[in-house]
Amino acid sequence: MATQARPVPEGILHDRFQAVRALSRAIAAPLSDADATIQPMPDASPAKWHLAHTSWFFETFILRDHVPGYRLFDQAWAYLFNSYYEGEGDRIARAKRGMLSRPSLAEVQNYRGHVDAALLDALSGLPAEALNLVELGLHHEQQHQELMLMDMLATFASNPLLPSAWLRREDDAPPALPALSGVRAHGGIFEIGHDGRGFGFDCESPRHPALIHPHELADRLVTNGEWLRFVGENGYRRPDLWLSDGWQWVKENGIEAPLYWQSDGEDWLRFGLDGLKPLRLAEPVCHISYYEADAFARWAGARLPTEEEWEVAAAGLDPMGGNQLDEAGPAHPHPAPNGTGLRQIFGDVWEWTASSFSPYPGFRPEAGAVGEYNGKFMCNQFVLRGGSCATPRGHVRASYRNFFYPHQRWQFSGLRLARDL
C-alpha cells in the first residue's frame with residue numbers, strides 16, 4: 001500500500017483531510033446530477049462514483065476496521081463503490097458504473113459528510129496503523145481528483161453541445177518557444193525509488209541501484225506546434241514510425257490527431273474543461289497515447305526516456321513547482337517558462353517513459369486488501385512521470401510512478417524527448 005516512516009501528526013492530518021475532501025467537492029460543484037452519473041466509456045467512471053468510492057475507502061479501511069461500534073452508512077453501498085479489491089468481495093462491474101442512477105449526487109454528498117464527521121471525530125484515538133491508512137486514503141483521493149477531471153472532460157466531450165465546466169480567462173496568445181535543446185546527463189549507477197522520507201506508494205520501493213548510460217533529455221516538453229508538424233508530415237500514416245500494436249490501433253480507430261483535437265477545415269481546435277478553444281501552439285501537447293509518443297519520438301530522431309533517467313534528472317528539483325492543480329478549475333497545460341536547464345519536469349502533462357510498470361527488485365505487496373493497490377497491475381502498462389496540470393499540488397515526487405495501458409490517452413499525458421550520447 002504505502003511506505004511511511006511514522007504517522008503524520010494528528011493536527012496536520014486533520015487539516016489535510018479537510019482540505020483534500022473539500023477539493024473533491026469543489027471539483028464536482030459545477031455538475032448536475034446527470035453530469036455526475038454519466039459514464040462516457042468503460043475506462044472512465046462517473047464523478048458521483050469517484051466521490052462515493054473515496055468515501056468508501058475511508059469508511060471501510062479506517063472506520064469499519066479501527067473504530068469500535070461504527071455502523072456502515074449503508075450496507076449495500078460496499079457493492080456499489082468497491083473498485084477492484086477482491087478481498088472486499090463482489091462489486092458492480094466497472095463498465096456498469098454509469099447505470100447507478102441511484103443513489104443521487106445529493107445522497108452521495110450526504111454520505112461524504114457522514115464519513116467526514118465520523119473520521120474526524122475518531123482521528124485522535126486512531127492507532128498508528130490506522131493513521132497511516134488515513135494518509136494513504138488522502139493520496140488515493142488525490143489520485144481520484146485527477147481521474148474525476150479526466151472523466152468529466154471525457155463526459156463533456158461526448159456531448160454534441162461541447163459544454164464547459166468552467167470559464168477560462170482569455171490570456172494573450174503566448175509567443176513561440178525556442179527550439180528544443182538537450183540537457184546532457186552522465187552515465188553511472190544511481191539510486192532510485194522512494195527514499196523512506198514521508199509518504200510513498202509501495203510500487204516506488206524498495207530503493208535500489210540502476211545503471212544509466214550517457215544521454216540527454218530535452219529541456220522542455222513537446223508542444224502542440226511541434227506535434228502539428230508531425231501531423232502535417234503524415235506521421236499518422238507512416239507505419240515505419242509505429243510499433244506493430246500501435247499501427248494496428250491507429251488503423252482500427254482512425255486515429256489522426258491527439259484526443260480532443262478537432263479541425264474546422266482550416267485550423268485546429270482543442271476541447272477542454274473550459275470548452276472548445278483554438279489550439280495554442282506553445283502549449284505542451286496533451287492527451288496522447290504511449291503509441292503516439294513513441295511514434296513521435298522516432299519521427300524526431302529521438303526516443304522516450306526511461307523512468308530511471310527521468311527520476312535521476314528530477315531528483316534535485318522541486319516537486320511542488322510547475323503547473324499543477326491548486327483549486328478546482330479548467331486544468332490545462334502552460335507553455336514552458338523562460339530559463340535554462342530542465343523545465344516542466346513537474347506539472348503540465350504526465351510524461352510517457354519507455355519503461356514498463358514492473359516491480360522493483362525485492363518488491364513485496366502488503367498483506368490484505370490494501371495490498372491490491374498497485375502490485376496486481378504490474379503487467380502490460382507503461383510508466384508516466386512528473387504529474388500534470390490536473391494533479392493536486394503536493395501529491396507527486398521524483399519517485400512517483402503513474403501507469404496506464406499504451407493505447408489510453410484520456411489522461412493528461414504528453415512527452416519529453418531523450419537521445420543517447
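A crossing of two helices is left-handed if the near helix is turned anticlockwise from the far one by less than a right angle, and right-handed if clockwise. In the predicted model described here, helix α2 passes helix α4 in a left-handed crossing. The model is a prediction in which local features need pLDDT of at least 70 and side-chain atom pairs count only at pLDDT 80 or more, whereas totals for chains, interfaces and linings use all residues. Residues are numbered from 1 along each chain as its sequence is written, and side-chain values use heavy atoms, with hydrogens and water left out.

Helices (H or I, at least four residues) are DSSP runs numbered from the N terminus. The axes of α2 (residues 47-66) and α4 (residues 105-122) cross at roughly 30 degrees and come within 9 Å; axes are lines fitted to C-alpha atoms, for helices over the stretch in contact, and angles run from 0 to 180 degrees between N-to-C directions. The two helices, α2 and α4, are therefore roughly parallel to each other, a term applied to angles under 35 degrees. Contact (heavy atoms within 4.5 Å) involves residues of α2 including Leu-51, Trp-56, Phe-58 and Ile-62, and residues of α4 including Val-108, Tyr-111, Arg-112 and Leu-119. The residues of this contact comprise twelve nonpolar, four polar and three charged. Here Ala, Val, Leu, Ile, Met, Phe, Trp, Tyr, Cys and Pro count as nonpolar, Asp, Glu, Lys and Arg as charged, and the others, Gly among them, as polar.

Helix α2 also contains His-50. At 4% relative accessibility, His-50 counts as buried, that is, under 20% relative accessible area with a 1.4 Å probe and protein chains only, exposed being over 50%. Not counting residues up to four places away in sequence, His-50 touches Ser-45, His-144, Leu-147, Met-148 and Asp-151.

In helix α7 (residues 244-253), the buried residues are Gly-246, Trp-247, Trp-249 and Val-250. Seen down the axis of α7, these fall within an arc of 160 degrees, so they line one face of the helix; the arc is that of the directions from the helix axis to the C-beta atoms. The buried residues of α7 pack against α8 (290-299), while the face turned away from them carries the exposed residues Ser-244, Asp-245, Lys-251 and Glu-252. Just after α7, Gly-254 takes a positive phi of about 60 degrees.

Helix α8 also meets α6 (residues 224-232), their axes coming within 11 Å and crossing at roughly 80 degrees. Helices α6 and α8 are therefore roughly perpendicular to each other, the range being 65 to 115 degrees.

Terms used: Parallel < 35°, antiparallel > 145°, perpendicular 65-115°, else oblique.
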